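Me: Please bring up the model, and then let us go through its side-chain contacts with some care.

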Amino acid sequence: MFRKLALILASLLVGALVTLASVPLQAAGASPNPTGQPADTFVILLSGPYKPVPQKPVVDCMELGLLDVNLCDGSFSTTKIFPVSGLPLGASGQATTGEGPSSGERQAENTIGNFYVQFAGIHAAYDLPRGALTMVFTGNNLTRVPDGQGGTYIIGTIQLDITEATGIYASFVGGHNNMVDILHQLADGSFVEHCYCIISRPSATAINRLGSEGGPRWARHNDAVA
């Protein structure tokens, strides 16, 4: 069983490297755009345990400017976001970048936002520096492997479409997110995440970036500026 797990993890690593290698060169570092826009493709890491988002009235919920999701309806769980590549310098307000936490202190230093997901639904949301995004799950290629301790590793790739965005991410509506995921469901039913998100603008708008932070919010479901 453990040999099978090792082989699957090795295969995932190879696939992840191939996927990351295919990301456009713009994602290799901070965006060179003087307007402070993200690169056409940027990469972030979701890492850490998931916690349920408490149910509360909409008026008391966090305000991200997203209309397609109600993050406080009791169906969402949340974990932390860390920078990898492609975000503009200063977007996070942090002095460092990296691929997630190596210690509690490092985790607090590098966190740039929060990820929200419905484990029993189709929506996900990203609360990032200077904007937010809503996405819907469209497909996956996942394998479940016992961890030998009563839990399960859920390993593979997940596809999402971007349906709503605000701030410096507004031009990503209609774009795509390719997740390379190792999700660990523990024996007690809780989840711990380690997932690279490769987020891309739609090709038709990649050369037509919005130049103003906090610009119009685009929603693909009605093809209109809100």
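Me: Are Phe-42 and Tyr-169 buried or exposed?
Reply: This is a predicted model, in which local features need pLDDT of at least 70 and side-chain atom pairs count only at pLDDT 80 or more, while totals for chains, interfaces and linings use all residues. Residues are numbered from 1 along each chain as its sequence is written, and side-chain values use heavy atoms, with hydrogens and water left out. Relative accessible area, taken with a 1.4 Å probe on protein chains only, decides the class: under 20% is buried, over 50% exposed, and in between partly exposed. By that scale, Phe-42 and Tyr-169 are both buried.

Me: Which class of aromatic pair do Phe-42 and Tyr-169 form?
Reply: Rings of Phe, Tyr and Trp (its six-membered ring) pair if their centres lie within 6.5 Å, and planes under 30 degrees apart count as stacked, over 60 as edge-to-face and the rest as tilted. The centres of Phe-42 and Tyr-169 are 5.9 Å apart with 50 degrees between the planes, which makes the pair tilted.

Me: Which two cysteines form a disulfide?
Reply: The criterion is a pair of cysteine sulfur atoms within 2.5 Å, and by this rule the count comes to 1 disulfide. With sulfur atoms 2.0 Å apart, the bonded residues are Cys-61 and Cys-72.

Me: What is the handedness of the disulfide of Cys-61 and Cys-72?
Reply: The torsion about the S-S bond of Cys-61 and Cys-72 is the quantity to examine, and its value is about 80 degrees. The disulfide is therefore right-handed.

Me: Which strand gives the most to the lining of the largest pocket?
Reply: Strands are DSSP runs (E, at least two residues), numbered from the N terminus. Those supplying at least two lining residues each are β3 (113-117), β5 (131-146), β6 (152-165), β7 (176-185) and β8 (191-200). With 4 residues, the strand that gives the most is β5.
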